[in-house]
Amino acid sequence: MTDVLVHDALVVTVDDHDNVYESGTVVVEDDRITEVRPTIPDDRTADAEVVIDGSDKLVMPGLVNAHAHLESSALRGAYSDLSYGELLVDMTVICQQLAKGELDYLAEAGVRLAALNFIRNGITSVCTMDIRSELGVPILGESGLRALTGPLISDLFWDEPVESQLRRAEKFIDDHHETYDGRIHATLCPHDDMTLTRGMWESVADTAEEYDVVVHTHLLEDSVSDLNARANKEKTPSVCWTTLVS
Ligand SMILES: [Zn+2]
């Protein structure tokens, strides 16, 4: 039996022809969309568990938030007056506290807040880089969202040996990759092109290949990136780092 049928909705697809139905029907069976087509009169009296009149409503694929730091959601706006450099300095203190587990309540609240906002606003997938990523996994998993998530690593930022950081990242992959029906994807998160040495990037590239996971980072945010690239014998950060991990 059909679980859900939405009729008479404006339906936007991303199928092979990017079809848009001004009065469309979407059928869901066993948690899968099985039909997307123009509405026919019988749809309005269909034998489905849930029938939704989609008049004046939009049905579309979920939006993707391609970059976030969900554990910091509760701090949104707190640093908006600062320059990027000032922000990094101020955030460093909070990052250290997060890493020690002193702000777990804030991290969990941030992920919950973000998940609620996403669901209310049509975002179904997120790519997030955090410090206490393991706290966010059950929240994101149980929310029904799809997430690419992982702990940030950086050998010039964290006072922690490279090997130890990589082992933590690998453990995160072992524990969480492809969990919650495959909706949680563990990622490797070298933080940026300013605070990682070339050696760390090479280790990340090796680990990404070994575990076959996505690499998520910040690129080209500041002129310091150019300086660091030149120190690593490359002309620009984009050449330096993307050749390593692509
Ligand atoms: Zn970021």
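Glu 178 lies in the loop between α4 (162–176) and β9 (184–186), where helices (H or I, at least four residues) and strands (E, at least two) are DSSP runs numbered from the N terminus. The model is predicted, so that local features need pLDDT of at least 70 and side-chain atom pairs count only at pLDDT 80 or more, while totals for chains, interfaces and linings use all residues. Residues are numbered from 1 along each chain as its sequence is written, and side-chain values use heavy atoms, with hydrogens and water left out.

Phi of Glu 178 is near 65°, a positive value in a residue other than glycine. Tyr 180, in the loop between α4 and β9, also has a positive phi, near 50°. Glu 178 is partly exposed because its relative accessibility is 42%; the classes are buried (under 20% relative accessible area), exposed (over 50%) and partly exposed in between, with a 1.4 Å probe and protein chains only. Tyr 180 is partly exposed at 29%.

The zinc ion is coordinated at 2.0 Å by NE2 of His 67, His 69 and His 218. Donors are N, O and S atoms within 2.8 Å of the metal (3.2 Å for Na, K and Ca); water is not among the atoms, so sites may look incomplete. Along the chain, the donors follow the spacing H-x1-H-x148-H. His 69, in the loop between β6 (63–68) and α1 (84–99), and His 218, in the loop between α5 (198–211) and α6 (224–231), are 149 residues apart and link distant parts of the chain. With a relative accessible area of 8%, His 218 is buried, whereas His 69 is partly exposed at 29%.
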